[in-house]
Amino acid sequence: MSFSAVDHGMMVRALQLAERGLWTTAPNPRVGCVLVRDGEIVGEGWHEKAGEPHAEIHALRATGDRARGATAYVTLEPCSHHGRTPPCAEALIAAGVSRVVAAMSDPNPLVAGQGLAMLRAAGIETASGLLESEARELNIGFVSRMTRGRPWLRLKAAASLDGKTALNNGISQWITGPDARRDGQRWRARACAIMTGIGTVRDDDPQLNVRDVETPRQPLRVVVDSRLETPLSARILQGAPVLIAGAVDNAEKKALLRSTGAEVLILPNAAGKVELKDLLEELARRGINEVHVEAGFKLNGSLLREGLVDELLLYLAPCLIGHDASGLFNLPALTSLDDKRLLQIRDLRQIGEDIRLIARPR
């Protein structure tokens, strides 16, 4: 399938619109739509919030009668099923568009090609695959939830250049500078849930909410706490929503934690720890697309060992702390470098004084 320069330009615009929903569309995907007639944009829109009209509907309303004979550029295949809103494919057919270009097909099994098929059956020309990788990246959590049954897990950590995250006495604030910390807040804001471990709750008493950047909602905060030891005075328990994932089914501790407004979920594995894979699958069932982890080296290591980390978001400060300080990941010692964990660096840039590195396991 070949696409023109105009096609590319219009899909870039649709992706820009989709990105406006970065913080608000969950559990739905971020989608943008541009309607073009005679080489001119006649309407555009994006999905703004779950339960509200999809991108195509906003664009059609902005276009009015000029939609007849237009080309619709949409970052995700138009839906074909009745969910909380009617099918967008039907609305495009009714509006009389002549062509629909989708960046990618919908990974949702309820759609998965049926939207484009419905359009073709109505005599509308369709094409798919334009700027597909960009569209996929924008909705990487939604794609993960639909295809793997678990959210996309992004693990954030801040360290010195020698890979240390805290002193032996637990002090870790602040290794990186204010610009890097503000950037980290933006990544928190786009996630549906922020996860940490009981060690971080005890050592740092974090709130783990979004600060310093504007956000229309606070993500769910998740504490991995096998023995239900989260102090009732912990700042993370102030302000909903909070989920405590434990492994020990202690009725008294559960009742105390629930009295603070927290939800408690017991998901034990054979070792008496929280079964992390089950926890992620449960979060997916709740419509969580992206999980942002800010934890200590134990939980970080467990997530890596179990193959649950999809992306590393590392901030490296231009300083050295020394080999006795805490490291990034609690991983077993290797006897051969052939066993090292390989990463693919996706992005590398300077943020203030610090370096931000985004990498994915190969």
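At what angle do helix 3 and helix 4 pack, and how far apart are their axes? I noted first that this is a predicted model, in which local features need pLDDT of at least 70, side-chain atom pairs count only at pLDDT 80 or more, and totals for chains, interfaces and linings use all residues. Residues are numbered from 1 along each chain as its sequence is written, and side-chain values use heavy atoms, with hydrogens and water left out.

Entry: helix 3 and helix 4.
I found an angle of about 20° for helix 3 with helix 4 (residues 114-121), and their axes are 9 Å apart. Helices here are DSSP runs of H or I with at least four residues, strands are runs of E with at least two, and both are numbered from the N terminus. Axes are lines fitted to C-alpha atoms, for helices over the stretch in contact, and angles run from 0 to 180 degrees between N-to-C directions. On the helix 3 side I listed A89, E90, L92 and I93, which meet G115, M118 and L119 of helix 4; contact means heavy atoms within 4.5 Å. By class, this contact has five nonpolar, one polar and one charged residues. Ala, Val, Leu, Ile, Met, Phe, Trp, Tyr, Cys and Pro count as nonpolar, Asp, Glu, Lys and Arg as charged, and the others, Gly among them, as polar.

Entry: helix 2 and helix 3.
I read that the axes of helix 2 (residues 55-63) and helix 3 (residues 88-95) come within 9 Å and cross at roughly 20°. Helix 2 and helix 3 are therefore roughly parallel to each other. E56, I57 and L60 of helix 2 touch C88, A91, L92 and A95 of helix 3. I sorted these contact residues into six nonpolar, no polar and one charged. L92 of helix 3 takes part in this contact and also in the one with helix 4.

Entry: backbone.
I checked for exceptions, as most residues other than glycine have a negative phi, and most peptide bonds are trans. The peptide bond between A26 and P27 is cis, with omega about 5°. I placed P27 in the loop between helix 1 (5-19) and strand 1 (32-37). D205 is not a glycine, yet has a positive phi of about 45°. I located D205 in the loop between helix 8 (198-204) and strand 9 (220-224).

Key. Angles under 35 degrees count as roughly parallel, over 145 as roughly antiparallel, 65 to 115 as roughly perpendicular and the rest as oblique.
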